[in-house]
Amino acid sequence: MELIRGLHNLRPAHGGCVATIGAFDGVHRGHRAVIERLLAQGKAMSLPTVVIVFEPLPREYLTPLQAPARLMSFREKFIILKELGVDRVLRIRFNDALRSMSADAFVEEIFVDGLGVKFVALGDDFRFGADRQGDFEFVKRRGEVLGFDCQSMDTLTCAGERVSSTRVREALADGDFTLAEELLGRPYSISGRVVYGRQLGREIGAPTANVELHRLRSPLSGVFAVEVSGAGLENAPGVANVGTRPTVNDSIRANLEVHLLNRDINLYGQRIAVRFKHKLREEKKFGSLDELKENIQTDINTTTAWFASH
């Protein structure tokens, strides 16, 4: 799959395609329905498929501290879109210039002049453009004039409610990983590279792998039983803390730390995937490192017992 890094990297060879646009945070079942429709149309028209995404996400740019927590990093999104069979991803930098672009200018400059789209698939709730006029009806009308077709996807429901990134976040916040999996169509996981931390875990007898989150906030917070894959591991049991490490750090940026049960291997620099299985407790601030050490051992024992019973 080709990654087109910005509008300035569009070339004449990219003209003539079928496309969709959206945040696609989580690439949940609703997103997958849009992409599957796009893939089918691309095959029928013998044209490549293009997924257009923004980085950062618009709300992250406009109100970073109030924006919803990201379900996935751009790299994770790219990998899943590749697995689905998408031909190209056009990553557009969201900035003040794009923010002020009208929906009409967006359609003409990006859909028509940039990509030469012949078909556009849109989610039923997607909006774009400075005036928020870039919805399905607007794009369909412009397509009739500019020479491309546009189709809207009906809302996908699960258990009587709409499948959405917001609903996935709510399920994760509640520790309901069964519902999250139903909404996503796969178990929820976080992938990233293991980086050097403060080495505090090793000092207190519980070495951890610190995983880059590439986001300010995480949709999860607390202590969890997890399975770790990658770097030679396959569903290795562990216990993970997701949060701001209030006992030792008091940062606002979320961290992910994983302790593997019954093994101590060097994962620095390796990419791993952490699959969340069960929430043990909320994150807490302890009065001392000795108290933290004691609770970490309790978490390890609880996690070991959980895996033994499942």
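This is a predicted model: local features need pLDDT of at least 70, side-chain atom pairs count only at pLDDT 80 or more; totals for chains, interfaces and linings use all residues.
View 1. V194 stands opposite V211 in β10. Strand β9 (residues 189–195) and strand β10 (residues 209–211) run antiparallel and are joined by two bridges; strands count as paired if DSSP finds at least two bridges between them. Residues are numbered from 1 along each chain as its sequence is written, and side-chain values use heavy atoms, with hydrogens and water left out.

**View 2. Helix α7 against helix α8.** Two packed helices are described by the angle between their axes and the distance between the axes. For α7 (residues 165–173) and α8 (residues 177–184), the axes come within 8 Å and cross at roughly 160 degrees. Axes are lines fitted to C-alpha atoms, for helices over the stretch in contact, and angles run from 0 to 180 degrees between N-to-C directions. The helices α7 and α8 are therefore roughly antiparallel to each other (angles over 145 degrees). On the α7 side, R167, V168, A171 and L172 meet F177, L179, A180, L183 and L184 of α8, where contact means heavy atoms within 4.5 Å. These residues divide into eight nonpolar, no polar and one charged; Ala, Val, Leu, Ile, Met, Phe, Trp, Tyr, Cys and Pro count as nonpolar, Asp, Glu, Lys and Arg as charged, and the others, Gly among them, as polar.

**View 3. A salt bridge between R70 and E60.** The closest N and O atoms of R70 and E60 are 2.7 Å apart. A salt bridge is a side-chain nitrogen of Lys or Arg within 4 Å of a carboxyl oxygen of Asp or Glu, and the structure holds 12 salt bridges.

**View 4. Two backbone details.** The peptide bond from E55 to P56 is cis, with omega near -5 degrees, and P56 sits in the loop between β3 (49–55) and α2. A159, in the loop between β7 (157–158) and β8 (161–162), has a positive phi of about 55 degrees although it is not a glycine.

Conventions. Helices (H or I, at least four residues) and strands (E, at least two) are DSSP runs, numbered from the N terminus. Angles under 35 degrees count as roughly parallel, over 145 as roughly antiparallel, 65 to 115 as roughly perpendicular and the rest as oblique.
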